[in-house]
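I opened this notebook to record what I looked up in the structure, entry by entry.

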Amino acid sequence: MTLILQVQAVTKRFGGLQALTKVTFDLAQGQVLGLIGPNGAGKTTLFNVINGVYTPEEGRILFLGKDVTGKKSYELAKMGMARTHQIVRPLKELTVRENVIVGACYGHENHDLISAAKIADEVLSFVGISARADQLAGSLNVAQKKRLEMARALAARPKLLLLDEVLAGLTPSEIDGMVKTVLSIRDQGVSIVMIEHVMKAIMNVSDRLFVLDYGQQIAEGGPEEVVHNPKVIEAYLGDPQMAQKLMEEG
Amino acid sequence: MKRTLSVFFTLLVFASLLLTACGSPASEPPAAPAPTEAPTKSEEPAAPAATDAPAPAAPEVQTAVIGFTASLTGKLNVESTRQNNGFNLWMKQVNDTGGIKLADGSLVKFESKFYDDESNKDRVQELYTKLVTEDDANFLISPYSSGLADASAVIAEQYGKVMITTGAASDGTYKKGYTLVYQAYTPASRYLTGALDALANADPNAKNIAIIHENDKFSTDVAVALEAYATGKGYTIAMNEGYDTGTTDFAPIINKIPAGVDAIMGGGHFADGQQFAKSLFEKGVAAKYIALLVAPPEPTFVEIGDAAYGIVGPSQWEPLAAFTPTYGITGADFVAAYKAVYNEEPSYHAAGGYVAGLILQKAIEDAGSLETEKVKAALDAIDMTTFFGGIKFDTSAEAHGLQIGHEMVFVQWQKDSAGALIKQVVWPLGGKTADLVYPK
Amino acid sequence: MNFSNLLTSLVDGLLIGVVYGIAAMGLNLIWGVMRVINLAHGVIIALGMFGVYLFFSTLGLNPYLALLLVAVLGLLLGVLIYFIVIARVINAPYLSTLLATFSINMIILGLGTAAFTTTPRDSGFSLGNVDLGPLTLQGTRLVAALVTILVTGALYYFLYRTRPGKYIRAVANNRAAAELMGIPSDRILALSFGIGTMLAAIAGGLIATFFSFTILSGDIYQQKSFVIGVLGGLGNPLGALLGGLILGVLEGILPLAMPNTWVPVIEFLLFIIILLVKPSGLLGGRQ
Amino acid sequence: MRKIWLNPGFWLVLAIVVALGAWPIFQQDAAARETGFTVLLAIVMASSLNIVMGYTGYVSFGHVVFYGIGGYIGMYFIDSLGLPLPVAVLFGGLSSALLAFLLGKAILRLRGAYFALATIGVNEAARTFVANFQPFGAATGIELQFSVYKAYGGALQALWLVYYGVVGIAIFSVIFSYYIKTSKFGLGLMTIREDEDAAEVIGIVTPNAKTWAYVLSAILPGMLGVLFFFKNGNVEPGDAFRLGFSIESLVMIMLGGQGTVLGPVLGALGYQRLRGTLLTSDLMIGSLPLKDFQLVISGFLMLLIILFIPSGLVGWLRQRFATLRRVLA
């Protein structure tokens, strides 16, 4: 089993604030890792560090077995990493198709416009927004924008996909659709790290869960094992609703 | 095919667009004389001069168009406006007296055509080409500054039109090989040399001078020529430095003036010169002699009050300087006529505008023709004294058209018996109205 | 170069620096509160010059009394410009605000040139000189320094001690949050723009008491204001005074060490370098 | 779809520029040529600035720096080294590109208004530096002898030659502009314009893309500068680095519509014809000539456009009439 991503004792500080403390985990090829934790636990920061938006103060990140600590986002993209943003970032004045073409053009396969257009059409129908292809991206609704965001990441044909709360703000039926999409992405052999608050969905999707609290990793393992971990429940008690949910689901 | 059709359609749309876009120039073929503007041959019923013309056997009257651009907006608008006024005064006078009689007996009256060049170079060539080809200008007058005059000179030469320059003082313009460009003013190289002569005359022992000038083409040309002239005469140049165009705070450069300097010379244009004089005064700089470009001769220079006292400045012309003209009106008549029309004292820019017309008038009279070649020959031969001073052009190949007959006069702000500031001509001695106050 | 020469240059630099400071203050305030670079700043400075000049030379009003009037007119003009123009583009991309303020500049400049021509004016006003050892200081410059310090103090008091001032700071900090808290952001922004133009007009009025000027003279102060803004921290109106002093001293001292015409080259290179290294300004300031 | 020659929008913009350029040549009319020169110059300045501003989203007040530097280098080569005009024009373009490359590496790190401010600084630094730089004549600038035109068959022929040069550059500039817009590179630039951080995550090497956009926008102004100053016979720092010229180019783009190919062309044409008409108009407002108010009128029109149709003429048409999108590139 090859490791696609290795995060080794990564620490990130903002001024006096310790955002991540010695975070360590591995992700094997073709697996889905669920990243959970209360608000402000440092999940998106961890994505930003993996993705090259921030450089960690300590620790190393290995992608495909190579040390990529401190590399720029675009270098990682060229190596086959793609991500979506928690707050969607459509390129508003471009059409939906153009948005996705950009992803295909500048991903690690480095397509020209014509082959990128083909990939874009495939991906758009895969995520189910082909009908909107010629609309300006700014005119989509939230759910469509989330799908667009995913489509753009997929068009890069990534080896590793970082999904930041792609389910937030969706209706239950939209969530079901999106979960299916994520699973079929995994079935194509793409490794995924996924930040999510919708516990039911993430437990269905993830092979393993990884829990962050105040920048520290407090648990890691299979979904069932993790949600029964007392430390995790304690951490979520700061967020009573969430603790309640965990208890129910457990 | 649909696609081909749409291409075709687009081309059609474009073609119609184009027709409308180019409609206006197309409707006036350039070869035909423009019907409304600038009639080349017509009577002038509206002009009061029409009544002066004797009714029987009226000679043919043609109208010569004199074209130029002026800086109605932008940093040179004052100088430019005065120059226009002077020129218009000349034109009015000529037309009122019935025009100029040519060799074939016909009369020429004048009309002017001018555009705003915004004091920048972008459109100068476009506008001069328009003046020549669409407005059918017979003669041209240059824009106000050297840079713009250079650009317009290319067009004048190309179309074989005589151009009189006023305000384009840089010598460089006349050393570029133009053959039809004639300078009405004393060139930059001699702007301040007279001020040095005046100093030498007043105090043979003052040998230490500082030159501080605006860092632009005109002022730098003046400063370079002055330094060369001064070193040639055994002066020490204690400093020669520029300041950026638009400077208002002169304290830093004034603080650099070494102690023991006898004279400070330089300056640039009006605004900076005025402020420079003011700052020198306020900082109590102890120079015995201060000579600055452009600003001092202007009547509004005195707004700075006591700071103006003792400041010397070169002027192309002064109302007080009494030259005895061999051609044209006297200085006193010019001043009276100008005041009557514009209700202000004429500055040298105003006189320059007038004299540009006067030079053309003399050349056309001598040539008896409006043809460029004949007028050019007449201009080359001019050697006259007007109310403005001597006028004679260099006819050598190296510096054709450079003004060599005219000398600057130097004014100094002095106090009259009542203590009010007045402008006196102090140099050349022949034209002086008062002695140089030295040390100031 | 001797000591008294250096001292003179230093003091001259401080005196002009104060003027630069107040000229930049308004630009900085407007940028800080509404993220608008006001390209009409310079021409409003020039209007301030003409205001004081006209009141003084035609009505014979004391220039400092005239300055008060000019300040009030400046405030009104600013509020007017805000409601007619700025309010409509404040949420547009910043290019719109740049060009909108630039068109205001063109309009005022065109009208100003038509009305006043570009003949330099000089108020001819003087308060005499004060001699201090090797230094000769003009009264008008000292009063200008005093007025600037008073204005800066008043601005500080206003921003930190009064309700509208605190509102302005709240809006500058986070407009959306301020609106949620019930602060009438439109009126606060109008007030800020008004104060910004008022400061420009005051700066112009002060300059008119000791320098000659034309309708185009504001430009140079506008450009210096950019440099000062970057020195003192863009968006920090109080940093402007400090930035102005730094620039003034640099302009005073540098010519002693190099040809005068190289000073602006150094000045603008410094500007670019600071922008690159520390865009929030040498003296920090909010980002 | 991506093939340029099948797109009517490309033909429309090309045809407009070709027609504008060809008109004075067919007429052999000098006044039309000079007007054409001014308009085409503006078109090239606006189109090239549009690559940085419209496509990439970086507002530059320093576009004229490239025009000025190119002009100076070209004039220096003609005057001091006696190189022929076409070579000087090439060198002008290349040196501007080189300058843009170095500058871009430094200042394109800044975003938004900070970049805009830095470009003002660059413009002023360049102007004051050249005013001190002796090889370029410092404040006096460089003057050409009238006889240089002899090598090109006299001033008349030289002016026509310069005009052909400008027509060629203008035609090239719109093809170039269209090509970039429809290329993969152009798509990358527009991604940066829309969201630079997202662009990096997607995999666009933003520092390189921005620098190349800057370089590509600098070449043609550099070439134009040589032609313009050659035609005028002299160059001075104040003419070469006139901040107002950069701002006028921005205005033209805004008028026509930023980010479109046709917009800067129509904007430049409209702006220059409007200014030209106002400057030479004989109309009077009361007792004052209209031309005294040309600055006011231009400012007022510009304000109206910014307030009411901020996407410019072409942008507005594209929004209003979606069917026109294919025609209005």
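This is a predicted model: local features need pLDDT of at least 70, side-chain atom pairs count only at pLDDT 80 or more; totals for chains, interfaces and linings use all residues.

**Entry 1. Chain pairs**

Chain A and chain B have no contact, and their closest C-alpha atoms lie 19 Å apart. Chain A and chain C do not touch either, with nearest C-alpha atoms 13 Å apart.

**Entry 2. Chain B against chain D**

I looked up the extent of this interface: 41 residues of chain B are in contact with 42 residues of chain D. By class, I recorded 12 nonpolar, 15 polar and 14 charged residues on the side of chain B that touches chain D.

**Entry 3. Chain B against chain C**

I asked next which element gives the most to the side of chain B that touches chain C. The contact involves 29 residues of chain B and 29 residues of chain C. Two or more residues on the chain B side come from each of helix H4 (77–96), E8, helix H9 (251–255) and helix H10 (270–282) of chain B. The element that gives the most is H10(B), with 6 residues. The class count for the side of chain B that touches chain C is 8 nonpolar, 12 polar and 9 charged residues.

**Entry 4. The sheet of chain B**

I traced an open sheet of 7 strands in chain B, in the order E8-E7-E9-E10-E11-E14-E15, with mixed pairing. Its edge strands are E8 (236–243) and E15 (421–427) of chain B, each of which pairs on one side only. On average, neighbouring strands of this sheet are turned by 25° against each other, direction ignored.

I then examined one pair within the sheet. Strand E10 (residues 289–292) and strand E11 (residues 311–315) of chain B run parallel and are joined by 2 bridges. Ala291(B) has Val312(B) in E11(B) as its bridge partner.

Two helices of chain B were checked against these strands. Helix H8 (residues 217–232) of chain B packs on the sheet and touches strand E7 (208–214), E8 and E9, its direction making about 165° with that of E7(B). Helix H7 (residues 193–202) of chain B lies across strand E9 (263–267), E10, E11, strand E14 (409–415) and E15, and runs at about 85° to E15(B).

**Entry 5. A helix pair in chain C**

I looked up helix H3 (residues 63–89) and helix H8 (residues 185–208) of chain C, whose axes come within 7 Å and cross at roughly 140°. H3(C) and H8(C) are therefore oblique to each other, since only angles over 145 degrees count as roughly antiparallel. Their crossing is right-handed. The residues of the contact of H3(C) with H8(C) divide into 22 nonpolar, 6 polar and 1 charged.

**Entry 6. A helix pair in chain D**

Helix H1 (residues 8–27) and helix H2 (residues 30–55) of chain D pack at an angle of about 160°, with their axes 9 Å apart. H1(D) and H2(D) are therefore roughly antiparallel to each other, and I recorded a left-handed crossing for H1(D) and H2(D). On the H1(D) side of the contact I found residues including Val17(D), Leu20(D) and Trp23(D); H2(D) brings residues including Val39(D), Leu40(D) and Ile43(D). By class, the contact of H1(D) with H2(D) has 8 nonpolar, 3 polar and 1 charged residues.

**Entry 7. Chain A**

I counted 10 helices and 10 strands in chain A. Its C-alpha atoms fill a box of roughly 50 × 40 × 40 Å along the principal axes. The radius of gyration of chain A is 18 Å, which agrees with the value near 18 Å for a compact globule with 250 residues.

I ended with the strand pairs around E4(A). Strand E1 (residues 3–14) and strand E4 (residues 58–63) of chain A run antiparallel and are joined by 5 bridges; in E4(A), Ile61(A) is the bridge partner of Val7(A). E4(A) also pairs in the antiparallel sense with strand E5 (residues 66–67) of chain A, over 2 bridges, and Phe63(A) stands opposite Lys66(A) in E5(A). E4(A) and E5(A) form a hairpin with 2 residues between them, and Leu64(A) in the turn has a positive phi of about 55°.

Methods
Residues are numbered from 1 along each chain as its sequence is written. Chains are lettered from A and ligands numbered from 1 in the order in which they are written. Two strands pair if DSSP finds at least two bridges between them. Helices (H or I, at least four residues) and strands (E, at least two) are DSSP runs, numbered from the N terminus. Axes are lines fitted to C-alpha atoms, for helices over the stretch in contact, and angles run from 0 to 180 degrees between N-to-C directions. Two residues are in contact if their C-beta atoms, placed from the backbone, lie within 7 Å. Ala, Val, Leu, Ile, Met, Phe, Trp, Tyr, Cys and Pro count as nonpolar, Asp, Glu, Lys and Arg as charged, and the others, Gly among them, as polar. Angles under 35 degrees count as roughly parallel, over 145 as roughly antiparallel, 65 to 115 as roughly perpendicular and the rest as oblique. A crossing is left-handed if the near helix is turned anticlockwise from the far one by less than a right angle, and right-handed if clockwise. The radius of gyration is taken over C-alpha atoms; the globule rule is 2.2 Å times the number of residues to the power 0.38.
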